[in-house]
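Please look over the sequence and the structure below.

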Amino acid sequence: MSELRDNARRLKTPPPRPPTDLELTPEQVKRIEINRLKAKAKQRDRELEASSSSTPNANNKRPLTVISASSSSPTAPKSEPKLKRDSRLGKYFEYDLSKMVNSKGGFLVENDKEVDGELRAKEKERERERAMQSLDPPIFLDPNLNPKCQECQSLDIDQTFKKVFGCLVCNSCKNAKPERYSLLTKTECKEDYLLTDGKVCWFLAELRDQEAMPHLLKANPHKSTFANMMLFLRYQVEEFAWKKWGSPEALDAEYERRAAEKKKKKNKKFEAGLKELRRRTRETVWQKRQDQEHKHVFGVVEKGRDGVGKQVNDGQEEHEQIATSLEVEQLDTNLFRSKSLWLPVRSRGVYGGQVISQALVSATQCVDPAYSLHCYFLLSASPAVPIVYHVGRARDGRSYATRTVKAKQRGRTVFVMLCSFQRPEPGQPFHQQPMPPNVPSPDACDDVEGYYERMLRYEGLEPRLKQYAEEYIEERRRSPIAVKAAGRINTSDGALVYMWWFKARNIPKYDAPFQKCILAYISDSQFIGVVRRTLGLNGHYEGPKQLVIDSFDCGDWLLYVVESPRSGNGRGVVHGRLYTRSGTLVAVTSQEGVVRARGNAPAKTSDDVKAKL
């Protein structure tokens with residue numbers, strides 16, 4: 001009996017199972033169902049994020065290969081979402097402390113800006129709109145009461161599609177048939193199916209009509225405060241488009257017509273822009289030419305004794321830079337025009353050296369550097385009207401080239417120059433007339449304006465002479481050429497020789513052709529006046545002149561030796577030689593001019609008859 005009792009107390013293997021007729025409590029059933037629904041919701045969210053609206057359909061719209069996984073399109077395949085913070089830990093905000101600044105009021109703000117309440121309100125409004133459509137409907141325990149998939153009759157339907165689009169489809173069928181159940185963005189509907197958004201006209205808002213075109217709202221991927229992204233079901237969009245346009249072929253025809261019209265407008269806009277660019281380019285080129293063109297300042301018109309209006313000089317002065325005085329403007333081939341003219345104090349016409357130098361600049365631009373020239377002043381020139389220089393190509397040889405220059409003003413020829421250009425021949429013999437001996441250096445000589453400065457110190461000086469001296473001193477101080485009087489000497493044959501030192505002020509190291517033009521500018525200074533000084537007269541008129549030039553530098557002092565071998569009968573001849581400080585003869589000048597004593601001009605007779613053609 002004891003053995004039987006021991007066997008009764010011994011445990012059985014396997015242990016007894018609980019009875020199968022026990023039922024779960026309502027609380028346990030509720031908890032199981034909630035966990036199942038949460039698992040399904042998470043699976044549905046993952047499938048929605050991984051779904052793509054680029055699957056090709058029967059009409060070959062948006063093939064899968066169009067949008068890559070790296071594209072920024074809202075419908076592009078997305079990577080696995082990041083792990084989210086557990087919501088049970090409460091609400092929190094993430095701050096980048098490197099961008100935080102102290103507001104000096106007890107707060108730390110980002111980028112020195114207070115929190116924008118309006119933007120925060122917009123974010124909450126977008127979240128509320130999305131939450132309204134994400135509420136899950138109740139699920140019945142009786143399978144017959146739950147909706148089924150219209151493709152496979154499965155109970156596991158997508159509740160979001162059911163509530164938003166009214167479409168009963170399970171996740172498996174939705175993924176297996178993307179040509180029917182994929183989602184399209186609003187932009188794709190507008191571009192591929194030609195549906196309207198209604199931004200211009202509210203009554204044309206097809207995509208905004210929730211009854212005609214139901215759509216799913218998702219957060220905007222660009223910014224949370226932007227409007228929610230609208231997603232449409234593909235087969236509903238196609239049915240609406242076929243109803244609107246009649247057939248897929250009609251939609252394709254309308255699509256091609258709009259594409260051609262868009263291309264035509266684009267080409268028209270491009271042509272209009274190109275035309276406008278050409279017009280602006282022409283205006284710019286024309287304006288540049290207008291700006292570069294010389295605007296001559298004409299003198300004031302005054303009436304003379306005979307009642308005829310004439311232009312007079314109005315404050316035109318000698319430029320302080322020699323390059324500006326020699327500047328000419330090229331109008332055409334072999335045609336040039338002066339940009340500035342200088343009228344010396346108490347002179348009848350434009351400074352002759354400037355006319356010679358500008359003519360030589362014009363000729364130099366048509367050939368190699370000049371070595372000799374012959375020129376004639378036919379009439380005095382007015383500074384009120386530009387001088388036009390016409391260069392003639394007289395001869396082009398292998399070693400020499402000859403050019404003629406005619407200077408015209410108001411239709412009359414005022415100056416004629418013949419200049420000869422030669423290629424350098426360094427191997428030829430050389431000789432020169434020596435420089436006069438015992439010539440004082442430039443440092444030991446006084447400026448020519450010093451004589452007039454001493455004149456102003458004289459008591460009882462006539463007002464006319466005083467005014468002339470003041471004007472001459474001011475003119476010499478502005479002049480680009482410095483002049484110093486080196487005195488005068490008597491040669492062994494009794495000739496009286498006058499000497500001056502000349503130098504161009506503050507000039508760079510110019511090339512030889514421009515140095516010769518500067519020398520031509522200097523050559524007419526203090527030149528024909530030697531005849532007047534020799535005879536003790538005042539009036540003179542320039543005539544033929546000759547100048548032979550060699551190499552030199554006008555930036556250093558040049559000695560100008562001038563003598564008058566003969567004068568009489570109202571005419572005088574002068575010869576000049578220009579030496580460097582080392583005694584090298586660089587230029588020889590010669591000129592014949594009209595020099596008359598005041599009041600001794602030939603009287604006019606009534607028998608004088610003007611020539612007529």
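Glu276, Arg279, Arg280 and Glu283 are joined in a network of salt bridges. A salt bridge here is a side-chain nitrogen of Lys or Arg within 4 Å of a carboxyl oxygen of Asp or Glu. Over the whole structure, the search finds 20 salt bridges. The model is a predicted one, in which local features need pLDDT of at least 70 and side-chain atom pairs count only at pLDDT 80 or more, while totals for chains, interfaces and linings use all residues. Residues are numbered from 1 along each chain as its sequence is written, and side-chain values use heavy atoms, with hydrogens and water left out.

Another salt bridge is found between the side chains of Arg36 and Glu33, at 2.5 Å from N to O. Both residues lie in helix α2, three residues apart, about one turn of the helix. Helices (H or I, at least four residues) and strands (E, at least two) are DSSP runs, numbered from the N terminus. Arg36 has a relative accessible area of 36% and is partly exposed; Glu33, at 23%, also counts as partly exposed. On this scale, buried means under 20% relative accessible area, exposed means over 50%, and partly exposed lies in between (1.4 Å probe, protein chains only).

Helix α2 covers residues 26-50 and also holds Ile32. Ile32 counts as exposed because its relative accessibility is 51%. Together with Leu24 and Val29, Ile32 forms a nonpolar patch on the surface, with about 270 Å² of accessible area in total. Patches are made of residues with over 30% relative accessible area and no salt bridge; like charges are joined within 9 Å, and nonpolar side chains (Val, Leu, Ile, Met, Phe, Trp, Tyr) within 5 Å. The areas come from the Shrake-Rupley method with a 1.4 Å probe, and for residues only the protein chains shown count as cover.

The side chains of Lys174 and Asp158 meet at 2.6 Å, N to O. This pair links distant parts of the chain, 16 residues apart: Lys174 is in helix α5 (residues 171-176), and Asp158 is in the loop between α3 (117-132) and α4 (159-164). Both Lys174 and Asp158 are buried. Arg337 and Glu329 form a salt bridge at 3.2 Å, N to O, and these two residues are buried as well.

Helix α8 spans residues 234-245 and includes Gln236. Is Gln236 buried or exposed? Gln236 is buried, because its relative accessible area is 14%. Leaving out residues up to four places away in sequence, Gln236 touches Phe165, Met213 and Pro214, where contact means heavy atoms within 4.5 Å. A polar atom of the Gln236 side chain lies 2.9 Å from the backbone oxygen of Phe165.

Trp245 is also in helix α8, and is partly exposed at a relative accessible area of 21%. Beyond neighbours within four places in sequence, the contacts of Trp245 are Tyr193, Leu194, Ala250, Leu251, Glu254 and Arg258. The side chain of Trp245 reaches the backbone oxygen of Tyr193 at 3.3 Å.

Nine of the 12 residues of α14 are buried, so the helix is largely enclosed by the rest of the structure. Among the buried residues are Lys516, Cys517 and Tyr521.

Definitions and conventions: Polar contact = N/O pair within 3.5 Å; in protein donor to acceptor, adjacent residues only side chain to side chain.
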